[in-house]
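Please examine the sequence and the three-dimensional model shown below.

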Amino acid sequence: MGRIDSLIAEMTLTEKLGQLTMTAADYAVTGPVVTPLSEDAIRSGVIGNLLNLYGAEATRRIQTIAVEQSRLHIPLLLGFDAIHGQRTVFPIPLAETSMFDPAAWEATARMAAQECAGDGLHMTFAPMLDVARDPRWGRIAEGPGEDPFVGSAVARAKIRGFQSSSLADVGAIAACAKHYVAYGAVTAGREYASTDMSEGMLREVYLPPFRAAVEAGVASIMPAFTDLNGVPLTASTFLLRDVLRGELGFDGVLVSDYHAVAELLNHGVASDLAEAAALALKAGVDIDMMSDAYRLGLPVALERDLVAMDDIDAAVRRVLTLKERLDLFQDPYRRGRADTGVTTQSRALARDVGARSLVLLKNDANALPLAARKIALIGPLADAASEMRGPWGGAGRPEDCVGVLQGLTEAGLDVRHAPGVAIETDDLSGVPAALALCADADAIILCLGEALLMSGEAASRAHLGLPGRQRQLADAVFEKAAGKPVIVVLFSGRPLAVPELVSRAGAVLAAWFPGCEAGHAIADVLTGKVSPSGRTPVSWPRAVGQIPIFFGERPSGRPFNPADHFTSHYSDVENTPLFPFGHGLTYGDFSLSNLRVEPGDLLTVKVDVVNHGVRAAEETLFLFLNQKKPGVTRPLLELKGFGKIALTPSGQGTVTFTLPPTAGRAELFVGPSADVRSLLSVPI
Ligand code: BGC
């Protein structure tokens, strides 16, 4: 008998349920605290897994209790949300997605994994792979944006980064793809609300990143809190057993979301903890995070014949197998040998990806890069180092973060600073002092946007404007600027619907939340040391009423025609987004030509690119497909590839994509964004 079978044969029911239970330590609060952690519970095998505890010393101490003092010496599995970095905070995932660079996505996950391992962790609840087309939903900040092809590429890169080639590698940790599935489609963007959609939509848009995660060997998956078409994911035999385990072939560990098993009672599908626990276990959820439903409910469910011991054993086997794959039985202390912190190397990576995540939305009259040295730096986010972490800052410390004021000052600019207003309050008393700086400056930089907790979990917003009195501050600055360039650096976990702000500004840089090296990264781009290259991974709305807004719409029978009233349109806003998916300016000036397709087992698509600008820059190009199928509509554009090319002034090169041949009538499009006017096309 192997180790796992003999352990299962020896385990009491309590010990088995301990392996299916994950409890939080109070290091980080990510939900309601239900069961306070007790060392006795670990010693007696009642708790076999923990979340929210990190640090070499703390994890070693607690692991020692499990390994040396519990009857069966089974090591604990320790998990934590390193959503965009552990000690070194990288840009939020939506910002990272803006890089459209799988190698960079992988590099930050690798660094986060190494830091997690240093902190004694074995697992992270990342990557978050929820496609999101509704920026009212705060968790859009945590994911890959609106497109399933991008979400799938992020999935592959992140899982390679976290898990390395073997989970047993020093510095590798288990990834947990979440939140399976369609959480991004919550009704009206309201957190934890219901979702409802056709199976076609599910399979085409929301499922692919999870399929990619399974193909990449993801060790675990977390079902979403939400229900889909009337069945909560935590209890969905169809979506967990049939689709995920059956069809996609996932054989790893399913970890419930925080307290989600007990919340089956609120969903109304279970009448007590025993029923809730039975529904989740039967659907295939192995670990109950924070409900105590397995520990308290499964013994009752067994008595009532709602579950069989075999169901419990199968889940225990999957959990122990993961612990074995992580090499925990062999060497439970191999991770967590010494706390890691931010290092020169991790900072360099954070600065590099920080700069490449920034999206230059607008740059009239070459307001950027800055020609001026005397800068008025205004706004509540100008000197807000700790806000730069964004939501889910991992174990990142505010004191390790660099704000814009520090970044610009260290870049040698002559900076005068005043916040003007706070992010959210009504107090306008600081505005005169901020305006007074404008007279003496050659350029004005306005740092505006959301506070870090305005996006992320439980952070839905119905209005997507600037919070507090920032709009008044900005208007007063525009009045006062008297022709001097006003550059807006916009911080947010989502696209903000701020068309007037954009139209009045000379330049707008979407900074999202760039992480611990924010100030340096932003200074690099503003001063021209780095040419901006980020592209928005979500369509940027003009108005909340356009939401959901995304490029992959299906055609209307009455497409908009300005000459015909009875066509698809709003009477008070354009159909188009303010900025399309993929939009982002550089300091170069690119043109495309000679789009061509070479046949073969895979189609090879090539396009030539020239940089006519005076600065070196990186261009990002997207490959879209439009298919026509008899009897069923297809999206106007489906993303099938993206690629980048760095070119010096007058430099030229070719970007190549490959894609499988498609049956039927189809057309390919290549260009710098999903704006059809910017695309070259070729029939295939
Ligand atoms: C979130 C998950 C997270 C978990 C543990 C939940 O509230 O939905 O994304 O992994 O907490 O912190």
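Which residues lie nearest the centre of the largest cavity? They are Ile 83, Pro 93, Glu 96, Pro 127 and Lys 158, and they belong to a lining of 21 residues. The model is a predicted one, in which local features need pLDDT of at least 70 and side-chain atom pairs count only at pLDDT 80 or more, while totals for chains, interfaces and linings use all residues. Residues are numbered from 1 along each chain as its sequence is written, and side-chain values use heavy atoms, with hydrogens and water left out.

Rolling a probe the size of a water molecule over the atoms shows where empty space is left. Here a cavity is a set of points, on a 1 Å grid over the protein atoms alone, where a 1.4 Å probe fits but cannot get out; a pocket is an open set with protein on both sides within 12 Å along at least five of seven lines; and lining residues have an atom within 4 Å of a point. Grid points are joined across faces, edges and corners, and a volume is the space filled by probe spheres set on the points. The count comes to six cavities of 30 Å³ or more.

The largest cavity has a volume of about 180 Å³. Helix H5 (93–97), helix H6 (102–118) and H7 each supply at least two residues of its lining, and H6 gives the most, with four residues. Helices (H or I, at least four residues) and strands (E, at least two) are DSSP runs, numbered from the N terminus. The lining of the largest cavity divides into 13 nonpolar, five polar and three charged residues; Ala, Val, Leu, Ile, Met, Phe, Trp, Tyr, Cys and Pro count as nonpolar, Asp, Glu, Lys and Arg as charged, and the others, Gly among them, as polar.

The second largest cavity has a volume of about 120 Å³. Of the 16 residues that line it, Gln 19, Ile 42, Gly 45, Ser 70 and Ile 74 lie nearest its centre. Helix H2 (13–19) and helix H3 (39–43) each contribute at least two lining residues.

How do H7 and H9 pack? Their axes, lines fitted to C-alpha atoms over the stretch in contact, are 8 Å apart and form an angle of about 25°. H7 is therefore roughly parallel to H9, a term for angles under 35 degrees. H7 passes H9 in a right-handed crossing, meaning that the near helix is turned clockwise from the far one by less than a right angle. The contact (heavy atoms within 4.5 Å) is made by Pro 148, Gly 151, Ser 152, Ala 155, Arg 156 and Ile 159 of H7 and Pro 208, Pro 209, Ala 212 and Ala 213 of H9.

Conventions:
Axes are lines fitted to C-alpha atoms, for helices over the stretch in contact, and angles run from 0 to 180 degrees between N-to-C directions. Angles under 35 degrees count as roughly parallel, over 145 as roughly antiparallel, 65 to 115 as roughly perpendicular and the rest as oblique.
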